[in-house]
Each structure stands twice: as C-alpha cells, then as structure tokens.
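Please work through the following exercises on aromatic contacts with the sequence and model at hand. Each task is followed by a stepwise solution.

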Amino acid sequence: MGNTKHSGRIRLPRKPDPKLWVSMMPFGFSKLKPRHLRETLKVAWENRDALPYAYRILTQGVCDGCALGVAGLQDQTLEGPHLCTTRLNLLKLNTMPAMSEAVFETDITRLRQMNGTELRNLGRIPYPLIREKGDPRFRRLTWDEALDRISTKIKNIDPKQLAFYMTARGITNESYYVGAKVARFLGTNHIDNASRICHAPSKTALKRSVGIAASSCSYKDWIGTDVLVFWGSVAAANQPVSTKYMYAAKRQGTKIIVINPYYEPAMDEYWIPSIPESALFGTRLADAFYPVQIGGDIAFMHGVMKIWFEMEEQEPGSAIDRHFVNEHTQGMEELKAHVMNQEWSLLEQSSGLSKQNMREFAHTLAKAKSGVFVWSMGLTQHRFGTDNISQVANLALLRGFLGRAHCGLMPIRGHSGVQAAGEMGADPYSLPGGDFNAEHARRLERLWGFSIPEWQGDPVGQSLQNALLPEGHERKLRLFYMSGGNFLETMPDPVYSKQCLESVELRVHQDIIFNTSTLADASEAVIVLPAMTRYEQPGGGTSTSTERMVYFSPEIEGPRIDQARPEWAIYIDLAARVKPESKELVWFEDAQVIRQEIAAAAPNYDGIQHLEKAGDVFQWGGAWLCEGGICPTSDGRGRLIPVEVPDLNRPEGHFHVTTRRGKQFNSMIYGEKDSFNGAGRRDVLMNAEDGRTLGLSEGDSVVVRNDHGEFHGTTKFGRMQAGNIALFWPEGNCLMPKGVYEPYSNIPEYNTTAVVEKSRDDQNHLGTLKL
C-alpha cells in the first residue's frame, strides 16, 4: 500500500494542438464514427416520459456503466464534465416503467422468440413471479410466498447444493457484502461474481507477482507517462470517457501503444464530445499498433525481454532498471535463463510478429522513464490468462514501472463497482478483506458470530456443470440464486449452458428485467424477484472504480417499481426465513449499518462508513500500491516469474478465433452496427489476403465451424493479423469450447480455432442459436 494521496483533478490545456487532429472536416462528417449528438438525442427521446428523473441520475448518481468512476458528471482525474454513450444507453434501465400484465399472460414460447433487446424493452419486473415446470406462463406471487418457497428449498438441501451468483448490473458494495455474508451464513461457499469471468487472472497474477489484487496506479498516472500501453483492451469503445484521459496524456507527450490482433479504429481516431477541439477535428490516439496473434502475447513479451537481456550484455543499464530489480525483485537469474533459452523462430511464429517488431517495442520501453500498462479481456480470457498477466508484470518490474508517479499495472474494469465484488467476499476464493483461508475465516467468524464453511467453493462455471451431476451427489446444484446474469449469452457453448440451467431444480433470478436465461425451464420452478437499481436504494450505496476510488451514490428521487426491493434487503429476509433463530447475525436495519460493518470486515475500506452524501469519495491504498517498489509480499519484493510459451498450433486450414465487443454493454446489445468500423453483428472480421486465399470477397456468406458449433455470417475485411478472425460476443460463443478453464483462476476459455468456408446457400443465419 502507499502513503501518497491522490492529488486531485487537473485542467486540460486550453490552446488547441493541430498536430493531433484527424481531419480538417468539422465533426468528422466524412468519417465512420459514433454520432454522439444523435445518440444523445435518441436517449433523450427514449427517456422522454421520465426526463427529470434521468437528468437527476446523470447529475447526482455514480455511473452504473464502466468502472472509470464518474460521479454526477465529474471524476477525480480531469476538470470538466464527463458523459458517454455507454452511460446514456443504460439510462432506460433505470427510468422505464414496469411490465404490463399482458407480458405474463404471454405464452413462454412467444417470449422465447424475443431477443435480449426486445425482452429488455418489455419493462421492469414489477413483482415476484413463478413458473412451475410445464407451465406455459409466469404467474404472480407475494414476497412471502416467493421467499418461503426458496427458504424451504434451502432447508431441504445440502448447502453444497446451493450456489449464488452476482452480476455487474449496478450492484453496490453493500449488496456484494451482504450477499457474500448471507451465502456463508447459509452454509455455502459457492458464490461467484461477473468480475471473475473477466479479470480473475488479473487478480491471481498480480497477487503472485506483486502481492496486490487491484490496479497499482490511478487514471491520473496516464497523463504525462512516457508510454501508455493498451494490451488486449479497446478502452475507447468500452470505456469511452477514457479517451479524455488519452487526449490529456497526448497533450503532455505520452506515447500510446496498442497491442491487439485487430487494428481497432476506436483506438486510432476518436472525436471526444466534451473537448471542443476534438469534437470538431478528432484526435489521433495511438502512436503505434502491434497486431499480435491471438494468444501470442507471451511470445511477444519473451522477445522483448530477450532483446533487453541482449542489450544489457552490451551496455549494462541500457534496458533494465538494475537498481529497482536488485532492491525490489527476486527471480532475475531464473527469468533471464528461461528467456534466453527461447528460439527466435518460435517467438516469431507464436506471436505473429517479427523480431524487428519486438526490437522496436523493446527499445521504446527501454528509452521510457515511466510507463503504465493497461489490459483487459484480450489478455485474461485465455487458458493461460494468469501467465499473460504475470508476463506483463515481468516487463513492469524489469523497467521499474511500479509504485511511483506515471507508472503502474492496471486491469481496466468494464463495469461499475465490480472491483469490489471480490473485496466484499462475493467470490469462492475470497472473503471480505482477504483471501479465502483459515486466518481470514477466523477473523470474520469473530466479527460475524457464526462459523464459515471450511470447504472450497466452486466458481460459477463449475457450479453450472454441477447441475448435471447424478442424483445424490453432494455437490449436485439444486438451487441456483442469481442476482442478474445471463449465462445463455455470456458462457461458452450456449446449448450446454441451457442444459445446465434447466437441470437445476429451483432457479431464482433476482433482477430488474427479463433476459433470455430467465425464460429457460427448471426441473421444478423458476422464481423471479424484482430488485431496485442503485439509484432507488434507501440510504444510497457505494461502488469501487478501477482505480480503487470508493464513491457514494445517493438515493435519487423519482418513480419507483412498487414491489422492487434493495438487493441486500432481499438477501437478509431470505436468510432470516432459513435460520430465524439466529437472524440477528445477518440483519441490517439500513445501508449505513452495512457500511459500518464493511469498514470492520475489510480493513482497506475503513472510511466507507463516512460516505453519506453525493460527492463523497475516498481511494483505498493511496495513489499507488507498492509505493517505492515495496510490495505486500512476504519479503516486500516482486516476483519475476518465468512462464511458458503456450502451444498455439492450429490444425491446417484453421484460423485462431476470438470475440470482440461493439455497440453493447456486456451482453446487452444497443445496435446492430459497430460505430467504428461498420461491422454488423454477423460479420466475420478477417484479413483481406486470407479472404482472397479462400476465394472470398467482402460480404460473402460464410460458415465458421469447429467441433463445438458453427456460426453463419458474412465476411468483413479489415486490418486483422493474418490467420486470425474475430466475431462479435456473445454471438460467437457458439464456437467456444465448454469445460475449458484457466488453471489458476478457473474462468472459461473464450478463444478457439475454426475453419472458414463459403456458404453453400444464400441464407445468412444468425450466429446465435435460438434456444
């Protein structure tokens, strides 16, 4: 942890810099780009029946979109207003009215014909619902009936047959904490959250490399760093406000480098609506792109380090910060021996890049006095994701880019508040304030007053599979309680996921809207519980951003769904019905009492109890974790960890396949066309030369198939690394293998190989299966 406090917002330069302009054509009229004004007007129209409420959410609440941490229209990095289309597109979820009675009179087969957008537009869930096995439609329940049914089931099963899941849908720290506590109170450690599916390898790798489980730096460190590297992260598209930070960094001379199989247009040129100069003429963001092969990052980084070690042999200190390495790391000799043993031919083949590419990047980093490495799911969602991140940490440690201004390791979060999901204990491998181990368990038992199960809980992928275990198995999943989540559109192999969901006896969906998973059958019943949004919860709530800022978001005056309840209140009511004799151990009268207990349970969050009004915020851990190079490891040193180059051999004629996002927030899709490259949801992004080799022209109908499934789409040529293709997520999940997990963090693999063939007919089916 660090002692230096965040120094506050800085002001953008007022004088324009034409060197950064994209075009002299005002507003980029001739360019393919997001039309921010048009998007804003569209959102205003969609929220026309609740515009005052929508305005209060934007100006008083903490953003429920990405995890940059915008409170009202302000953040902690730059002066001036911050607003993006991602946040605007989420507004309707918070302002829409309840579903009509006609929805529940609709046969389930008709509802299943709707896609996620159509289901979302039906409105908010108004009251508890149930659909028994074989029933053609939902029917209404009282809260007592619903919770009594669930609690009775919990009493009649082994706690190892009960699992909880918490998504990233605007859930507050208070709800994560209470959900984690209630799960253990009910005797189960099967609790997981959405952030682990995205960033569990980041946490695992950072813990083993430098002893932390969060970003080591702040967004402010981007501005003025010598190099800002985005690794498998398209922040401009997924966290649009970050473009303002990139602009500020460019104005201070920062070099921005992007490492990604696809030359993402959003990271090249962007029109930032809140900066007049950029809104008019655009801003060139990236200074260099390195189109690494899908999965080839480890080999690429081996090449960079090999060049550094060669430079060091000729001129000591020319590439590696020897003082930092000697004072603050261990494992240097083992890492060097491992790296120098790598063959250049393998590194080039695996990375898809030449030795000259690696040399160029190596020299850029070697000349830099400071650097920030930012990454996302392009690095994490591999079967070797933890090794990917440890390799990034190796680069940072060798250059001393840790624990000081303009330096750091940042796993950028895609959802507001998910940084705290594990920190609050909603994780099979975590408890509030620490890892799941005997020491932390005994500490919490003293605070909570009840015993925590000693057995290891399962991650969500394994819990889903447990639904298919034979009758009588102690871990057969019989009750699955989900706060949000849509596994039909987020997990690999949706057909298999549907089989798992429908094999659960009682499935509970605590949510604000329907999604496709809500409509899946269960072997006994499906119960749906209406939850409040973060803006409706009495006493407000808090969320934690990527940079460890803990923000208070107040309750905001506006229309309400009559029977919707705070997420945390539903959990404690359920727990009290299961164990009424000891309900006082999990009972909270209000949100402020929860925050007081969080401060005691999770020491880093001491200060959360003082957050009580709009604008209240603190940053746990200080501006920089590992400040001064001192890591919270047993000896205070970072670990230089040799990792193996993964086997990326693909069968002849196959392509490496990955997925990408566009015009969406998680699995919620807001448009059919990508604003940056014009690609449709069924387009297969590929290298033009690869297409010509296959006899394909742009727009041809193709089938992408492998042993796991097939996807029908059309070709879209772009600047993609040869031998690689990208499909939109979640549509491309039908090609992803089930049951393949990253060995250290147990998240699913979201990459595969497949063949691409010209379609034999003119039909162009959707890649997503109708389930």
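The exercises below concern ring pairs and charges over rings.

This is a predicted model, in which local features need pLDDT of at least 70, side-chain atom pairs count only at pLDDT 80 or more, and totals for chains, interfaces and linings use all residues. Residues are numbered from 1 along each chain as its sequence is written, and side-chain values use heavy atoms, with hydrogens and water left out.

**Exercise 1.** Classify the aromatic pair of Phe 164 and Tyr 481.

*Solution.*
1. Rings of Phe, Tyr and Trp (its six-membered ring) pair if their centres lie within 6.5 Å; planes under 30 degrees apart are stacked, over 60 edge-to-face, and the rest tilted.
2. The structure holds 25 such pairs.
3. For Phe 164 and Tyr 481, the centres are 5.3 Å apart and the planes 40 degrees, hence a tilted pair.
4. Phe 164 belongs to strand β3 (residues 162-166) and Tyr 481 to strand β15 (residues 479-483), 317 residues apart; strands are DSSP runs of E of at least two residues, helices runs of H or I of at least four, numbered from the N terminus.

**Exercise 2.** Describe the pair of Phe 185 and Phe 450.

*Solution.*
1. The pair is edge-to-face, with 5.3 Å between centres and 75 degrees between planes.
2. Phe 185 lies in helix α8 (residues 173-185) and Phe 450 in the loop between α21 (438-448) and α22 (460-466), so the pair ties together parts 265 residues apart in sequence.

**Exercise 3.** Which ring has the charged end of Arg 719 over it?

*Solution.*
1. The criterion is NZ of Lys or CZ of Arg within 6 Å of the ring centre and within 35 degrees of the ring normal.
2. The charged end of Arg 719 sits over Tyr 263, 3.5 Å from the ring centre.
3. Lys 738 lies over the face of Tyr 496, at 5.2 Å.
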